[in-house]
Amino acid sequence: MTVSEEKQAQRKAGRAARKALSPEVRAAANAALCANLWQLDAVQKARTILLYAAFGAEADLTAFAEEALRRGKVLAYPVCGEGYSLTAAVPGPDGWETGLYGIRTPVPERSELLEPEALDLVLVPCTAFDADCRRVGMGKGYYDRYLPRCKNAAKIGIAFEVQRVDRAAVDEHDQRLDAYATERGIYTWK
């Protein structure tokens, strides 16, 4: 099996595994995952955070976002653009729309756009991951192109434990993350 075929199999299995979680298990897992994030120094210290609006049964960071705002942190969300580019945008009160792929996304014209160097923390979704903080994304490479530009940010993957694989199928373009947070705890590789 090629790396590409293995990635596709891991994507499919990871999406199916997270989708199969019952509403009760998902709610408990989301709460535990959000609580676990606050155990990380990088999260405590971050002032400017790029996170995501959950889509397709991804781990939901709504409770984390609410607490982060309460603590005075600036929250940006990704805007996917042409050429598989990603932009961090802090939406204004009327700054949301349903964007590319049906994902809730900021409207750039009604948002403050941030340079990647301005971010302290990037929370990254995935379809599969391993204990060495390698990730399999959705396959378009938005984050893999963007993360190297986030020179001042800790990069933490977000997933449910059911998405963990023994070894993520990665190639030379895939970005390794600093840590992973799940409902069961934190994985680091450094």
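Leu114 is buried, its relative accessible area being 13%, where buried stands for under 20% relative accessible area, exposed for over 50% and partly exposed for the range in between, computed with a 1.4 Å probe on protein chains only. The model is a predicted one, in which local features need pLDDT of at least 70 and side-chain atom pairs count only at pLDDT 80 or more, while totals for chains, interfaces and linings use all residues. Residues are numbered from 1 along each chain as its sequence is written, and side-chain values use heavy atoms, with hydrogens and water left out.

Leu114 belongs to strand 6 (residues 111–114); helices (H or I, at least four residues) and strands (E, at least two) are DSSP runs numbered from the N terminus. Leaving aside residues up to four places away in sequence, Leu114 touches Thr48, Ala76, Ala88, Val90, Leu119 and Tyr146, a contact being heavy atoms within 4.5 Å. Val90 lies 24 residues from Leu114 along the chain, with 7.6 Å between their C-alpha atoms.

| Strands | Sense | Bridges |
|---|---|---|
| Strand 2 (residues 74–80) and strand 3 (residues 86–91) | antiparallel | four bridges |
| Strand 10 (residues 154–158) and strand 11 | parallel | three bridges |
| Strand 11 and strand 12 (residues 185–188) | antiparallel | four bridges |

Val79 stands opposite Thr87 in strand 3, Gly157 has Tyr180 of strand 11 as its bridge partner, and Ala181 stands opposite Ile186 in strand 12. Strand 11 and strand 12 form a hairpin with two residues between them. In a regular strand the side chains alternate between the two faces of the sheet. From strand 11 (residues 179–182), Ala179 and Ala181 point one way and Tyr180 and Thr182 the other way, and all are buried.

Turning to the cysteines, a disulfide is a pair of cysteine sulfur atoms within 2.5 Å, and by this rule the count is zero. The closest cysteine sulfur to that of Cys34 belongs to Cys126 and is 15 Å away, which is too far for a bond. Cys80 is likewise in no disulfide, the nearest cysteine sulfur, that of Cys150, being 13 Å away. Cys34 is buried at 4% relative accessibility, whereas Cys80 is partly exposed, with a relative accessible area of 28%.

Definitions and conventions: Pairing = 2+ DSSP bridges.
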